[in-house]
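Please have the sequence and model open.

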Number of protein chains: 2
Amino acid sequence: MTYENFNGEELTPASAFAGSKTPIDDVRIEDFEVFDLRFPTSLDASGSDAMNPAGDYSATHVQLKTNTDLKGHGISFTIGRGNDLCTSAARQIAERLVGKTLGELTKNMGETWRFLVADSQLRWELVACIDFRYILDAITPDEAIAILKEQEKTKPARFEDAQKSEAVPAYSTQAGWLGFSDERMIELINSNLSEGIDKFKLKVGGNLEDDIRRVQIARDTIGYDRTMMLDANQVWSVPEAIDYMKKLVQFKPLFIEEPTSPDDILGHAAIRKALSPYGVGVATGEHCQNRVIFKQLLQAGSIDYCQIDACRLGGVNEVLSVLLMAKKFNVPIVPHSGGIGLNEYTQHLALLNYICISGEKSLLEHINSFSEVLKYPVQTKNGFFVTPWEAGYSVEYKPEAIVTYEYPNGSFWQSEQGLAIRNGPKL
Amino acid sequence: MTYENFNGEELTPASAFAGSKTPIDDVRIEDFEVFDLRFPTSLDASGSDAMNPAGDYSATHVQLKTNTDLKGHGISFTIGRGNDLCTSAARQIAERLVGKTLGELTKNMGETWRFLVADSQLRWELVACIDFRYILDAITPDEAIAILKEQEKTKPARFEDAQKSEAVPAYSTQAGWLGFSDERMIELINSNLSEGIDKFKLKVGGNLEDDIRRVQIARDTIGYDRTMMLDANQVWSVPEAIDYMKKLVQFKPLFIEEPTSPDDILGHAAIRKALSPYGVGVATGEHCQNRVIFKQLLQAGSIDYCQIDACRLGGVNEVLSVLLMAKKFNVPIVPHSGGIGLNEYTQHLALLNYICISGEKSLLEHINSFSEVLKYPVQTKNGFFVTPWEAGYSVEYKPEAIVTYEYPNGSFWQSEQGLAIRNGPKL
C-alpha cells in the first residue's frame with residue numbers, strides 16, 4: 001500500500017505518520033487514555049439556542065499510545081453532561097484497538113472500522129450502521145467509483161484552490177446565539193465582516209416576536225446581498241415550523257436548519273415542500289446517527305443541504321458514504337461544525353468533498369470559542385478556511401487545556417466558577 | 001387526584017402505593033442505587049440470532065429509596081457490554097428525582113416525564129422525543145381522547161378477560177434461537193405445546209440453506225394451523241430481505257421481524273409492499289427510540305405489526321403515544337419482550353392496550369430464561385399470560401440475584417465461568 005499527501009507526493013509508510021521513523025508494522029497501540037473535557041461556554045451564553053439554553057461545549061477526547069513516540073488523537077462532541085456516556089463508550093471501543101499495529105489497522109480501513117463498531121453486545125446500544133449493504137438501494141459501489149473517477153479529471157484546479165486556501169468558504173454562527181443581546185450580535189457581525197467572513201447563521205425558535213426583531217436587525221446589518229441562514233434546533237412540530245417560517249421568509253434566509261425532530265424524514269419533506277415556493281431551503285443532519293437516515297432524507301427529498309457531523313456519524317468511513325450519496329442526489333454538503341475541536345475535523349471533510357467527491361465548495365460553519373485550547377486551531381483568511389498541511393486530522397488539545405478543563409477534576413471545574421456551573425440548575 | 005385499581009375500586013393516595021400508610025406528599029425520594037445486572041445467556045446460546053450471536057441478557061436496574069419503606073424498581077434492557085452506558089445514563093436521570101415527593105411526581109405524569117428527559121446537556125446524546133407536538137401531524141390530543149372514550153364503552157368485557165387471564169396470548173421464542181440444534185428446537189416446541197403455548201417465533205438470517213431446513217422442521221412440528229413468525233434481527237439490505245424472504249414464504253410465517261435497519265422507514269415500506277402478495281407481514285420497532293420513528297412507520301405504511309419496547313422508548317408515556325397512533329392507523333401491537341425483566345413490563349402494556357386503547361389482544365413474546373432471578377416472574381396458563389394483580393410494574397429482582405449477577409463484582413462474574421465469558425472474544 002502507498003500513501004500520498006495533499007501535494008500528491010508519495011510517502012513511504014514510515015514517513016506517512018508525521019515524525020516517525022518506525023515502519024507501521026512495528027508501531028503497536030499499547031494503551032489509551034480517554035479525557036472528559038468540558039469547556040464552560042455556558043458562561044457567556046455562546047452556544048445557546050432555542051433547545052439548548054446553556055450547553056458547555058465538550059469533547060470526549062481519546063489519546064492512543066504506541067510503543068513509539070507516535071500518538072493518536074480523536075474526539076467526539078457533546079454539550080456537557082452527555083459526555084459521561086460518550087467517554088464510557090469511547091473506552092469500550094478503544095479497548096478493541098490495544099495490541100494492534102498501524103500496519104494491521106490501515107491495511108483495510110473499511111474492515112478496521114467494521115471491527116470497531118461491530119461488537120454485538122455493544123451494538124445493541126450504539127445502533128450503528130455497519131454495512132455498505134444497507135444503502136445498496138440508494139447507491140452501489142460501482143456508482144461510487146464512477147463518481148470518484150469522474151471528479152478525478154477536474155481535480156487539479158480544485159487542488160489549486162486548496163493550495164491558495166480558497167477551497168472552503170467560512171460562515172459564522174458566532175453572532176447568532178440566542179442568548180446574546182442585539183448589541184452584541186451587531187458588534188459580532190461587524191467584527192466578522194471586518195475579518196472577511198460575510199456569511200452568517202442565526203439561532204431562532206425561542207419567541208417569534210423576538211426573532212422577527214433580531215433577524216431584521218441582523219439582515220439590515222449583513223445586507224441582503226450576503227448569505228444568511230437560520231437554525232431552530234428542533235423546537236418545532238411540522239405545522240408549527242411551516243407557520244413560523246412563513247413569518248421569517250421576508251428576511252431571505254438561505255435555509256432553515258433543524259426545523260423539527262431530526263428523526264422525522266417525512267416531516268422534513270413536508271416542511272421543504274411548503275417553504276420551497278418562498279425560496280427558503282431546509283437543512284438537517286447534525287443529529288442523524290448513520291447513513292440509513294441520510295439515505296432516506298435524500299430518497300424522500302427532505303433536504304436542500306446535507307449536514308454531516310464528523311463525530312455523530314462515528315468516523316470518516318460513514319461520512320464518506322453520505323458524501324457519495326449526497327453527490328448522487330445532487331444535494332450540497334454544509335457540515336455541522338459548532339464544537340470545540342469539531343471545526344478542526346470538518347475542514348478536512350469539506351476539503352475532501354470539494355476536491356474528490358462533489359466538486360462543489362461546502363459552506364463551513366466557523367466558531368472560535370476556546371480556540372486557545374487547541375494545538376492546531378482552524379484559521380480563516382479572506383472568508384475562507386486556511387488549508388491545513390500538517391499530517392493528521394488536526395484534533396489535538398494543548399496539555400495545559402487538559403489540566404484545566406478535564407471534568408470534574410480539572411482546575412477550572414474545581415474553581416468557584418466551575419463549581420457554580422456544576423451545582424447550577426440542569427436546564 | 002384519584003387513583004383506581006384494575007377492579008375500578010377507588011384508592012386513596014395513601015393506599016395507592018401498596019403497603020404504605022404514608023400520604024404520598026410525605027413520601028420523598030432520598031437516594032437511589034443503579035445495578036449493572038448481567039445474566040449469562042450466552043452460556044447456552046439462548047438469545048442468539050443472526051446479528052447477536054452471544055448476548056448476555058442484562059438489566060440496568062434502578063432502585064429508588066424513600067424516607068419510608070417504599071422502594072421503586074425499574075430496568076432498561078441491554079444484551080451485555082452496552083449496559084455500562086445505560087447504567088451511566090440511568091444515574092444521570094435518577095439524580096433528577098432525588099428530593100421529590102411522590103405527590104409532586106404523580107400530580108402530572110406527563111410533566112414529570114418531560115422533566116426527566118429534558119436535561120438539555122444530556123438530551124444532546126439521548127435524542128429523545130420530548131413533546132407531544134412532534135406527532136401532531138399524525139394524531140391530535142382530541143383524537144386520542146376520542147379513541148379512549150370509544151373504547152370505554154366496551155371495556156367491561158375485556159376486563160373480564162383479564163380477570164380470567166385470557167387477555168394476553170403468549171407466543172414463545174424459546175425454541176427459535178439461532179444457536180440451538182434442530183433436536184433442541186423440536187424438543188422445546190413440543191415442550192411449549194404441552195404447556196399450552198402454541199405460537200412460535202424463530203430467528204433466521206444466518207444462512208439460507210440452514211434456515212430453509214430449520215423452518216421446515218419447525219413448521220412441520222408446529223403444524224400449519226398454528227401461528228409461526230420469523231425474525232431476522234436487521235441482517236439484510238432491502239433487496240436482500242425481499243429475495244431471502246421469497247424463499248421462506250412457503251412456510252407461511254405471519255410476519256418477518258426486523259428485516260433491515262430499524263432506522264429505514266422507507267426500506268420497510270418497500271419490503272412490506274414486496275411481501276404483501278405472499279401474505280407475509282412486516283414487523284419492527286424494538287430498536288425504534290421514539291414516537292417520531294413510529295409515527296413515520298405508520299404514516300409510510302411500513303409495518304403490519306407495531307413492536308413497542310417498554311425500555312427503549314424510555315417509559316410508559318412514550319409507549320402510550322405509540323399505542324394511540326397505532327390504534328388510529330389500525331396496526332396491531334406485538335410488543336418486543338425478549339429480555340430478563342422485560343416480559344414483566346410488557347404484560348402490563350399488552351393489558352392496557354387491550355382493555356383501554358386498541359380493544360384487540362396483543363400477541364406477547366414469552367421467554368423464561370433466568371426467570372428465577374425475578375421476584376414476580378410472569379406466568380402463563382393455557383397459552384395466556386396470567387394477569388398480575390400486585391401493585392406496580394412487576395420488575396423487582398431477588399436480592400440474591402443481585403449478589404450473584406451484578407457486573408463485574410457479583411459471584412457469577414467472579415467465578416471461573418464468568419471470567420471465561422468476560423475474557424472471551426467480543427463478537
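The sulfur of Cys86(A) has its closest cysteine sulfur in Cys311(A), 8.8 Å away, which is too far for a bond. The model is predicted. A disulfide needs two cysteine sulfur atoms within 2.5 Å. Cys86(A) is also buried, at a relative accessible area of 15%.

| Cysteine | Closest cysteine sulfur in | Sulfur distance |
|---|---|---|
| Cys86(A) | Cys311(A) | 8.8 Å |

Now the domains. Chain A splits into domain 1, residues 3-107, and domain 2, residues 155-398. Their C-alpha centres are 23 Å apart. Domain 1 of chain A puts 24 residues into the contact, and domain 2 of chain A puts in 34 residues.

How much area do domain 1 and domain 2 of chain A bury between them? The figure is about 2,400 Å². Carbon and sulfur atoms carry 70% of that buried area. The count of salt bridges between domain 1 and domain 2 of chain A is 0.

One annotated stretch remains. An unreviewed UniProt entry annotates residues 182-278 of chain A as the domain "Mandelate racemase/muconate lactonizing enzyme C-terminal". Over residues 182-278, the chain is 49% helix and 11% strand. The end C-alpha atoms of this stretch are 26 Å apart.

Notes. Residues are numbered from 1 along each chain as its sequence is written. Chains are lettered from A and ligands numbered from 1 in the order in which they are written. This is a predicted model: local features need pLDDT of at least 70, side-chain atom pairs count only at pLDDT 80 or more; totals for chains, interfaces and linings use all residues. Side-chain values use heavy atoms; hydrogens and water are left out. UniProt positions are given in the numbering used here, feature names are shortened, and annotations may be inferred rather than shown by experiment. Helices (H or I, at least four residues) and strands (E, at least two) are DSSP runs, numbered from the N terminus. Buried means under 20% relative accessible area, exposed over 50%, partly exposed in between (1.4 Å probe, protein chains only). Domain bounds come from an automatic or database domain assignment. Contact means heavy atoms within 4.5 Å. Buried area is the accessible area (1.4 Å probe) that two parts lose on being put together, summed over both. A salt bridge is a side-chain nitrogen of Lys or Arg within 4 Å of a carboxyl oxygen of Asp or Glu.
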